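Welcome! Please take a look at the sequence and the model, and then read on.

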Amino acid sequence: MQAVHASSSPHFSIHSSKPPNSTTTTCSLFTSSVNVKSSQRDQSSLWTSYNKRVILKSTFSAKATSVEVGNSSVSTGTAEDDVLKALSQIIDPDFGTDIVTCGFVKDLQIDEALGEVSFRLELTTPACPIKDVFEQKANEVVAALPWVKNVNVTMSAQPAKPLYAEQLPAGLRTISNIIAVSSCKGGVGKSTVAVNLAYTLADMGARVGIFDADVYGPSLPTMVSPESRLLEMNPEKKTIIPTEYMGVKLVSFGFAGQGRAIMRGPMVSGVINQLLTTTEWGELDYLVIDMPPGTGDIQLTLCQIVPLTAAVIVTTPQKLSFIDVAKGVRMFSKLKVPCVAVVENMCHFDADGKRYYPFGRGSGSQVVEQFGIPHLFDLPIRPTLSASGDSGMPEVVADPQGEVSKIFQNLGVCVVQQCAKIRQQVSTAVSYDKSVKAIKVRVPDSDEEFFLHPATVRRNDRSAQSVDEWTGEQKLQYSDVPEDIEPEEIRPMGNYAVSINWPDGFSQIAPYEQLQTMERLVAV
């Protein structure tokens, strides 16, 4: 369908040719800068090396005459400039931008007479694996200023909140990231990965919850040992109070006093919806969802009612496992959920000084290579890993310094890093540039950046208010949209679209795929 386009803005002209065809992969990923073939085998020291990646710039560009710090604007005084210039040497390795530009520096206070400087670094997550490095470098670069005698740095994290909280059920409005752990096949260790990942994130300092979405065969009651093994109901709010074990909040149908369910699919979807959305999760940095096997109604319901940030795929070395896992990866791709890591369970064991691969090799690598998933982690065959799952104490809690725990630490770093990148890319994918009166678009899984005329975007709305659903007739006419229309607000809608509020009161849902097909503006 030919896009309806507007006339040129004062700063741009209409690009008459179609947008260039971008190369797409089967799985939609937001990590184009990561080496696709990186694996846990090649980066066993990820946990250690990641801590060394905070970069200090030897030179830095001049800053604007006013920099916003915290809730106030800092003037161009020499002392403030000195401090911000020093802090701008510290580069966040995930975003590739200095911490001042990232907005991490808050509550800057300076007493130049006494040589005292205090400020707060507000990171994107309390589980940031390099928060101690940030604190150390911030102290060092500010203390190096000749007039500074004392530096006080406090660390904090942004409040837990999804990118579009107002559109979610009340129970999910204070959860920053929702991670799906999926295999689409039973018996490959998916629940083991989900539980150990959750407790690894909690050990890194995050507030974490686990939702066991398998109603037919819930595993969580076996794998953890909370004092209270029954979910409670808040009679006033009619909400569910999760149980808790070692600081992690837990919800499972197995804690509902019903054991395993015997019911049809539509009923199961309703139960999952109720358990997930009416629970009082509180503020969480990460909610880990242990997905049930398969790619049917239950899985699709989960993906549609919650804004999944990312998915972790679990497989085993056998070819049969790969076939089922591939279905799950394709499902997430269609739903615009980025798959950030593959965990290949039961890979090998060591005996007599040799490493054995009893189930063959290559399933995990095949998933990584075929679908472009950026990280692969190998889990060995360990009797203790299986035993911990049956004992009610996760392996990463029972043996925090063991080999398995180190692998999960690397996986935890990967998840934290990728979620931060995804949130940053999604939150800045579409914005309005008032200086050129154009909508700037940079789709998360693409390095391409382009501009659209606001009137073009408004006229290309395909909702029922603009196009007759039965006949396809255009109800919104070209002349109905003024040339100088400007959006009032642009907000992300998950990983696939943005919501644009217009002055006429209309709220337009604009998918990234549609924006990429519209006529573009080019500089004149």
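## A covered strand to start from

Let us begin with strand β18, which is mostly covered: six of its six residues are buried. Keep in mind that this is a predicted model. β18 spans residues 339-344 and is joined by three bridges to β21, the two strands running parallel. In this pairing, Val 343 stands opposite Phe 377 of β21.

β18 also pairs with β17, again in parallel, and here five bridges join the two strands. Val 312 is found opposite Ala 341 of β18.

## The whole chain

Now a step back. The protein chain holds 14 helices and 28 strands. It has 524 residues, and 52% of them count as buried.

How much of the contact in the chain comes from residues 24 or more positions apart? Counting contacts with a separation of 6 or more, such residues account for 71%.

## The eight-stranded sheet

Strand β18 belongs to an open sheet of eight strands, ordered β14-β15-β11-β16-β10-β17-β18-β21, with mixed pairing. Which strands lie at the edges? They are β14 (243-245) and β21 (376-378), each of which pairs on one side only. On average, neighbouring strands in this sheet are turned by 25° against each other, direction ignored. As a reminder, the strands of a sheet pair through backbone hydrogen bonds, and they may do so in parallel or antiparallel fashion.

Two helices deserve a look here. Helix α8 packs on the sheet and touches β10 (175-182), β17 (310-315) and β18, its direction making about 170° with that of β17. Helix α9 packs on the sheet as well, touching β17, β18 and β21, and its direction makes about 165° with that of β18.

## Two helices side by side

Two packed helices are described by the angle between their axes and the distance between the axes. Helix α8 covers residues 319-334 and helix α9 covers residues 363-371; they pack at an angle of about 30°, with their axes 10 Å apart. Angles under 35 degrees count as roughly parallel, so α8 is roughly parallel to α9. The crossing of α8 past α9 is right-handed.

Who makes the contact? From α8 come Phe 322, Val 325, Ala 326, Val 329 and Arg 330, while α9 brings Ser 363, Gln 366, Val 367, Gln 370 and Phe 371.

Which residues of α9 are buried? They are Ser 363, Gly 364, Ser 365, Val 367, Val 368 and Phe 371. These buried residues pack against β17, α8, β18 and β21. Just after α9 comes Gly 372, with a positive phi of about 70°.

## A three-stranded sheet

Elsewhere in the chain, three strands form an open sheet in the order β7-β8-β9, and the pairing is mixed. β7 (105-111) and β9 (150-157) stand at its edges with a single partner strand each, so one side of each has no neighbour in the sheet. Neighbouring strands of this sheet are turned by 10° against each other on average, direction ignored.

Strand β8 (residues 116-123) runs parallel to β9, and eight bridges join the two. Arg 120 stands opposite Thr 154 in β9. Helix α2 (residues 78-87) packs on this sheet, touching β7 and β8, and its direction makes about 135° with that of β7. Helix α3 (residues 131-143) packs on the sheet too, touching β8 and β9, with its direction at about 155° to that of β9.

## Two loop residues with positive phi

To finish, here are two residues in loops. Lys 238 lies in the loop between β12 (232-234) and β13 (239-241). Its phi is near 55°, a positive value in a residue other than glycine. Is Lys 238 buried or exposed? Lys 238 counts as exposed, because its relative accessibility is 66% and the cut-off for exposed is over 50%.

Asp 352 sits in the loop between β19 (349-351) and β20 (354-356). Phi of Asp 352 is near 55°, a positive value in a residue other than glycine. With 74% relative accessibility, Asp 352 counts as exposed.

Definitions and conventions:
Residues are numbered from 1 along each chain as its sequence is written. This is a predicted model: local features need pLDDT of at least 70, side-chain atom pairs count only at pLDDT 80 or more; totals for chains, interfaces and linings use all residues. Side-chain values use heavy atoms; hydrogens and water are left out. Axes are lines fitted to C-alpha atoms, for helices over the stretch in contact, and angles run from 0 to 180 degrees between N-to-C directions. Helices (H or I, at least four residues) and strands (E, at least two) are DSSP runs, numbered from the N terminus. Angles under 35 degrees count as roughly parallel, over 145 as roughly antiparallel, 65 to 115 as roughly perpendicular and the rest as oblique. A crossing is left-handed if the near helix is turned anticlockwise from the far one by less than a right angle, and right-handed if clockwise. Contact means heavy atoms within 4.5 Å. Two strands pair if DSSP finds at least two bridges between them. Buried means under 20% relative accessible area, exposed over 50%, partly exposed in between (1.4 Å probe, protein chains only).
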